[in-house]
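I opened my notebook to look up how the parts of this structure meet. My notes follow in the order in which I checked things.

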Amino acid sequence: MKKEIIFKLNDEMVSVTVDSDELLLDVLRDKFGLKSPKRSCGRGECGACSVLLNGKSVRSCIIFAVEVAGQEIITFEGLQKEGMTDLQKSFLEHNSFQCGFCTSGVTITATEFLQKNPKPTVKEIKEALAGNLCRCTGYSSIVDAIYDYTKKKGE
Amino acid sequence: MSTFDYKRPATIGEVVKLLDEYKTSAKLLLGGTDLNLMLTEDIIKADIVIDIKNIEGLDVLQIKDSNLIIGAGVTFSQIVDSPLMKEKFPVIWESSRTVASMGLRNRATITGNICSAVPSADSAPALLNRDAAVVAISSQGKREIPIEDFFTGPRKTSLLDNEMVMSIKVPEIHGKFGGSYIKMGRYRGEDLAQVGVATLATEDLNYKISYCAVGPRPLRVKEVEALLNGKEFQGELNQELKDIILRTVSPISDIRASKEYREKMCLVLLERSLKASLSRMKNGEPQYGKELL
Amino acid sequence: MKDYKYVGKKSIRIDGKAKVMGAAKYTDDLEFGPNLLHIAVLSSPHAHAKILGIETSEAEKVPGVKAVISGKDFPQKFGLYLRDHAIFPNDKVRYVGEQVAAVIAKTKKIAQAAVKKIQVEYEVLPNIQNALDSIKPNATLIHPNLGNYEVVPWLYPQPGTNIGHVRKIRKGEIDKAFEEADFILEDQYHVPHVVHAPMENHIAVALFDYEDRLTMWNSTQSPHTQRNILASCLNIPHKDVRVIAPYVGGGFGGKAGISMEVIAAVAAMKVPGCPVKLAWSRKEEFENSSQRQELFAKVKMGVKNDGTIIALKHELFWDVGASAEYGSNVVNATGFSAIGPYNIPNVYIDSFAIYTNRPPCGAYRGFGYSEFHFGLESHIDRIAKKLNMDPIEFRKKNAIKEGDKVAYGVEMGPTGLRECIEKVAEKIEMGKEVISDDPDKIIAKGFACAWKAPAMPPNESSAAFIKFNEDGSINILVSGMELGQGYLTSMAKIAAEVLSIPLEKIRVEHPDTDRNPYEWQTVASHTTWSSGNAVKKAAIEAKGRIIETVSRALNYKKDTLYLEDEMVKCTVDSNFSLALKDFVINGIQMKDGTFRGGPILGTGIFMPEFTSAMVDPETGQGGHPNVHYTTGAGAVEIEIDKRTGRVRVLKMAEAFDAGKVLNPDLAKGQIIGGFMQGLGTALWEEVKFDENGKILNPNFTDYKIPTTLEVPDEMYPIFVEVAQPDGPFGVRGIGEHTMIPVMPAVGNAIANALGIRLTEVPFTPERILAALEKKGK
Ligand code: FES
Ligand code: FES
């Protein structure tokens with residue numbers, strides 16, 4: 001069933017017509033051309049499709065687009081409107097990616113987490129990121145980048 | 001996936017009306033971490049999906065008349081981030097932390113968790129131990145279902161077709177107590193419980209013990225509680241207690257774990273949980289949230 | 001050692017910005033316009049069944065459906081080494097998940113709905129789910145026409161059986177050696193199927209245009225090899241097949257060769273002018289891309305009392321699934337190398353590729369070496385213990401040295417194996433006891449060695465173009481794939497070093513078979529070595545042209561000119577310097593106003609001209625099947641809970657002889673990433689099948705790959721550098737090797753902790769408790 005929905009997307013009000021069973025992930029990618037959320041597991045288990053919904057990281061592969069009517073979505077693209085963020089710089093510095101497929105999801109999760117907990121321990125970082133699967137890095141460069149970023153920020 | 005109608009009523013009154021109209025062909029949507037996946041993968045069908053998570057007031061998380069009210073819209077993240085929960089309902093808090101991952105906890109609700117009623121529901125043992133009640137509403141009115149009567153089988157509850165859960169009610173405990181939830185997954189990362197056990201010990205040495213993932217529904221083992229009550233748990237279960245537990249639980253073998261292994265873990269985890277609960281009751285250590293496995 | 005400016009120095013990856021900013025485009029991120037059609041595939045519900053009929057008319061009637069295709073339209077078979085894999089089977093299905101037909105439609109939803117309307121009539125056949133059953137006499141034949149399939153000359157399918165290939169090695173006098181041995185240990189080991197689980201699933205987009213040319217955008221490790229397979233299988237001239245390979249979201253061998261891409265290619269041929277997209281879901285990725293072969297290994301080793309290994313009989317029974325088109329080479333490669341990194345004079349190896357009704361298996365990081373090292377390195381520890389020797393000393397005593405003869409009679413090249421063993425043992429403090437303060441827990445350590453050679457056809461090759469731009473920057477055109485390992489950065493560094501140009505001024509282009517020169521495939525941990533050699537030669541050629549131009553125009557002797565900091569300088573005239581940007585395109589102006597020079601280019605090719613796969617099939621002797629071996633060692637410190645059986649790795653160390661490390665951070669990343677992937681296979685990962693060949697865990701709910709919470713607190717990646725004589729700057733590969741020691745190291749640690757020996761992975765808590773109970777009895 002078709003529905004028109006209006007929501008805030010990366011700081012702009014947008015409207016779009018969707019089927020009620022259309023997934024937010026597909027709508028963002030196919031109707032708005034926002035390719036940073038990636039499809040991987042399609043079941044909410046890997047975090048590759050993460051976006052921020054009202055400031056919280058969620059999995060867009062198991063959210064129907066109709067559910068976000070009236071809400072606010074920020075994608076990875078929306079995080080870096082002012083250019084490369086310090087967190088991204090830290091990722092670059094630490095080579096916290098290999099294939100890079102998980103990177104946007106990891107960054108989205110880390111962004112939310114650091115807002116809640118700006119001075120985390122390594123263990124807390126690991127716990128926060130435990131739902132973002134990365135098959136390449138073995139995670140340690142990701143954890144290092146986030147930890148190092150918070151240290152520098154604290155200085 | 002067959003397409004469905006989507007509605008987002010503003011009030012509970014409207015929801016109840018829709019439920020009367022559509023009965024089983026309607027599905028109530030909260031976080032959608034379970035429902036949306038089942039719809040997407042064609043495991044279930046619905047004519048209408050009623051999204052209730054944004055209904056005003058459903059996100060309450062507060063104490064009222066000595067009872068904690070957890071609104072149906074309360075997510076696991078809200079629980080995990082709540083100082084009130086950590087302080088006064090620490091086992092619900094502790095078990096909420098073990099649910100999936102942050103990205104799912106931001107969406108998944110504790111009400112959704114119990115309504116899905118999978119045998120491995122992480123929130124169930126802690127709620128069972130606290131004698132929680134499920135507050136349901138329909139056009140016939142409101143009623144409270146003791147959580148023990150709520151789960152009736154795998155993915156089955158005593159909720160009627162035209163009922164919706166408004167909140168979960170958890171009585172406060174006034175004296176000193178300690179509790180714990182231990183979840184055995186295949187690894188430390190996100191996993192479903194293969195065995196989950198929650199225990200609670202109060203100052204007068206009264207115990208509460210509940211399991212998930214070791215039978216068709218989460219269950220409390222009152223027989224064991226009765227035998228332990230009044231005594232200081234010494235760290236090891238005696239043979240009588242072990243026998244009772246193994247008689248009470250009925251785990252299955254599946255690809256996650258065998259029946260035999262689950263049975264063994266029912267005992268090991270219970271010993272560890274009881275030890276932690278007692279120690280927490282006495283001196284607050286090990287801190288809540290600390291790994292107990 | 002020579003001091004390099006770029007090689008071996010820390011640097012930011014040249015694909016870094018693209019990745020942290022989300023600018024890196026993967027295949028599914030590309031736009032193909034409103035004409036794009038989508039494919040959904042009907043897959044087999046049976047592991048083995050005759051196809052009696054396929055009825056597609058109902059599906060064709062669904063509005064939005066453009067075409068339905070099946071084996072009637074495309075009866076061809078494809079394969080890298082052995083053409084046994086049907087595009088769509090016409091005779092019978094051979095595994096659950098095999099493609100039977102496909103619908104091309106305007107949307108994926110329509111295609112999926114239409115697929116459900118295709119009717120297939122099957123006659124179910126007995127299916128084989130175990131390699132050891134498959135080689136029993138009278139087993140149902142999975143490929144009755146095996147004898148008719150096209151195959152490379154160095155593989156030996158056995159028609160009339162379920163054996164797709166057998167590699168035999170006979171060296172020395174095995175029977176006599178066992179007679180002379182003071183101690184013999186014989187046992188069996190089992191490693192189940194696992195999957196690559198890259199975060200990006202397989203995806204392919206194909207366009208067959210009105211001039212009959214096929215263009216594909218694929219997530220692949222093998223653009224040129226795919227072009228070759230497509231051209232020969234579909235009978236299209238190579239020049240008219242174009243494979244473009246954007247960024248890849250992880251490969252690990254799973255995207256080597258070709259698999260589902262053929263479906264997209266033939267679908268495109270059915271709807272000329274429209275691009276068509278086929279994207280695997282995670283479930284399809286599990287069921288129908290490729291898996292790692294299951295291994296049943298029999299190891300028999302004979303030693304002298306002084307700790308000398310004198311005999312090894314190693315029999316490898318590989319379940320390659322329903323197709324051996326790629327997996328047969330895993331079987332071949334491991335057959336040649338199943339002695340491990342040891343000097344063993346008497347060797348008997350049989351390595352069998354055995355068909356079953358399971359998904360096709362192929363390359364997986366380690367190419368079979370992880371699997372056989374599990375048994376071999378477990379065996380090494382067990383024997384050392386029997387001899388009362390320190391397992392580290394035992395390994396050092398038998399470790400292969402330069403000049404020793406490997407199993408097929410060729411001399412071993414330079415190796416830093418002993419140093420790797422020592423460094424890892426030291427770092428993990430092997431032999432030093434650690435006691436847990438929790439009485440339920442035991443802390444212990446385990447060790448393993450590893451080696452691996454690139455497994456390639458003897459005539460694999462690489463090529464590179466370098467072209468200069470007006471500002472003195474360069475574009476490097478190659479066809480190796482950036483899979484995340486840092487290939488682009490490595491190639492840039494090699495060129496940077498030769499041409500003295502900073503990395504910021506180098507762009508390395510993604511493969512496009514129309515434009516970029518040849519590369520066999522990005523597999524086998526050989527690309528830094530092979531493609532790196534081609535890039536180095538291209539850079540040297542470009543440098544030669546630069547120097548020739550300057551010498552000719554300005555009258556300097558060639559041998560006095562050199563490159564430094566983007567300039568040409570002269571050893572005898574310190575006042576002279578000429579910036580590259582001043583002439584690399586437009587040439588050097590002479591006094592008379594004319595110009596000398598022109599655009600500077602470089603080309604480079606590399607082929608190892610000393611290799612040959614032609615060996616005696618009965619003994620494996622007489623050829624030179626491998627180019628070199630990378631060697632190393634790994635160890636873990638684990639904590640094990642006696643009551644639950646749970647294992648946690650506290651500490652790990654691995655050392656590999658990389659010849660020369662080009663990128664220290666990236667090399668460390670390979671060790672850590674490879675270790676964690678290996679840990680997955682040691683502790684949790686296993687594809688589970690029911691008795692009818694259906695996968696029970698085709699998702700991350702029940703196929704558990706490591707998360708952040710499984711990462712050890714302490715990790716020590718170590719490198720040893722004994723140069724590879726024919727490697728660019730001495731480089732040899734390490735990408736796969738890092739995974740190899742993990743299973744046996746963890747197994748050895750468990751044995752050291754509890755005195756139980758597990759001969760099967762993964763080491764689940766259940767298996768550990770069961771073994772403990774058995775021991776208690
Ligand atoms: S694709 Fe959404 S969580 Fe994996
Ligand atoms: S970098 Fe490849 S999945 Fe994380």
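I began with a rule. A polar contact is a pair of N or O atoms within 3.5 Å; within protein, one must be able to donate a hydrogen and the other to accept it, and residues adjacent in sequence count only if both atoms are side-chain atoms.

I noted the ground rules next. This is a predicted model, where local features need pLDDT of at least 70, side-chain atom pairs count only at pLDDT 80 or more, and totals for chains, interfaces and linings use all residues. Residues are numbered from 1 along each chain as its sequence is written, chains are lettered from A and ligands numbered from 1 in the order in which they are written, and side-chain values use heavy atoms, with hydrogens and water left out.

**Entry 1: inside chain A**

I looked up the domains of chain A. Domain 1 covers 2–79 and domain 2 covers 86–154; such bounds come from an automatic or database domain assignment. Their C-alpha centres lie 22 Å apart. For the contact (heavy atoms within 4.5 Å), I found 20 residues from domain 1 of chain A and 12 residues from domain 2 of chain A.

I then checked the buried area, the accessible area (1.4 Å probe) that two parts lose on being put together, summed over both. Between domain 1 and domain 2 of chain A it is about 1,300 Å², with 59% from carbon and sulfur atoms. The rule finds four residue pairs in polar contact across this interface, both residues at pLDDT 80 or more.

Which elements supply the domain 1 side? I listed β3 (50–53), β4 (56–59) and α2 (76–79) of chain A, each with at least two residues there. Helices (H or I, at least four residues) and strands (E, at least two) are DSSP runs, numbered from the N terminus.

**Entry 2: chain C against chain B**

Here I counted 25 residues from chain C and 22 residues from chain B in the contact. The buried area is about 2,200 Å², and carbon and sulfur atoms give 47% of it.

How many salt bridges link chain C and chain B? I noted nine. A salt bridge is a side-chain nitrogen of Lys or Arg within 4 Å of a carboxyl oxygen of Asp or Glu. One of them joins Glu291(B) to Arg648(C), with the closest N and O atoms 3.9 Å apart.

On the chain C side, β31 (647–657) and α17 (765–776) each supply at least two residues. α17(C) gives the most, with four residues.
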